[in-house]
Amino acid sequence: MIDDDNYVTLQDRKKDVIISGGENVSSIEVEDCLFSHPDVTEAAVIGVPHDKWGETVKALVVPAPGASVTEQDLIDHCRERIAHYKCPTSVEMRDELARTATGKLQKFKLRAPYWADRERQIN
């Protein structure tokens, strides 16, 4: 982002920005929104292929132990807090998320199965 005084602020890694229908979506912004839900322990937001929009927002979520949160609960939670085009169109519950030895999310590994066998690679 460039503010009124021409200062540049980086909000996300370029490869982690999802471009859906020409709109830029910061995965970190969506992840922060998901983390604000009390039943979410971990979350990763990635872009997955979409025939009409190029990419669409997908959330991979590790629910809190004993939580009964649903995909729709989390989508609704995001819709109440951020612009609708930034909200996940799908949520996949996971037991864990791929991480490096230092604990950093490996988004390229999380994205890979969705883009396998695709002629066009957006990620």
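Throughout these legends, buried means under 20% relative accessible area, exposed over 50%, and partly exposed in between (1.4 Å probe, protein chains only). The model is predicted: local features need pLDDT of at least 70, side-chain atom pairs count only at pLDDT 80 or more, and totals for chains, interfaces and linings use all residues. Residues are numbered from 1 along each chain as its sequence is written, and side-chain values use heavy atoms, with hydrogens and water left out.

**View 1. The salt bridge network of Lys58, Glu92 and Arg94.** These three residues are linked by salt bridges, each defined as a side-chain nitrogen of Lys or Arg within 4 Å of a carboxyl oxygen of Asp or Glu. Between Arg94 and Glu92, the closest N and O atoms are 2.6 Å apart. Arg94 has a relative accessible area of 21% and is therefore partly exposed; Glu92, at 25%, is likewise partly exposed. Six salt bridges are found in the whole structure.

**View 2. The salt bridge between Lys107 and Glu31.** The side chains of Lys107 and Glu31 meet at 2.6 Å, N to O. Lys107 lies in helix H3 (residues 107-115) and Glu31 in helix H1, so the pair ties together parts that are 76 residues apart in sequence. Helices (H or I, at least four residues) and strands (E, at least two) are DSSP runs, numbered from the N terminus. Lys107 and Glu31 are both buried.

**View 3. The salt bridge between Arg99 and Glu42.** Here the N to O distance is 2.6 Å. Arg99 belongs to the loop between strand E5 (90-93) and H3, and Glu42 to strand E3, 57 residues apart. With 36% relative accessibility, Arg99 is partly exposed, whereas Glu42, at 19%, is buried.

View 4. The open sheet has the strand order E3-E4-E5 with mixed pairing, where two strands pair if DSSP finds at least two bridges between them. E3 and E5 are the edge strands, each pairing on one side only. Neighbouring strands are turned against each other by 25 degrees on average, direction ignored. E3 and E4 pair in the antiparallel sense over 10 bridges, and the bridge partner of Val48 in E4 is Thr56. H2 packs on the sheet and touches E3, E4 and E5, its direction making about 130 degrees with that of E5. H3 also packs on the sheet, touching E3, E4 and E5, and its direction makes about 40 degrees with that of E3. Axes are lines fitted to C-alpha atoms, for helices over the stretch in contact, and angles run from 0 to 180 degrees between N-to-C directions; contact means heavy atoms within 4.5 Å.

**View 5. The buried face of H3.** The buried residues of this helix are Lys107, Leu110, Arg111 and Trp115. Seen down the axis of H3, they fall within an arc of 125 degrees, so they line one face of the helix; the arc is that of the directions from the helix axis to the C-beta atoms. Their cover includes H1, E3 and E4.

**View 6. The largest nonpolar core around Leu34.** A nonpolar core is a set of buried Ala, Val, Leu, Ile, Met, Phe, Trp, Tyr and Cys residues joined through side-chain atoms within 4.5 Å. Among the 18 residues of the largest core, Val30, Leu34, Val45, Val61 and Leu74 touch the most other members. Helix H1 (27-35), strand E3 (40-50), strand E4 (54-63) and helix H2 (71-79) each supply at least two of its residues.
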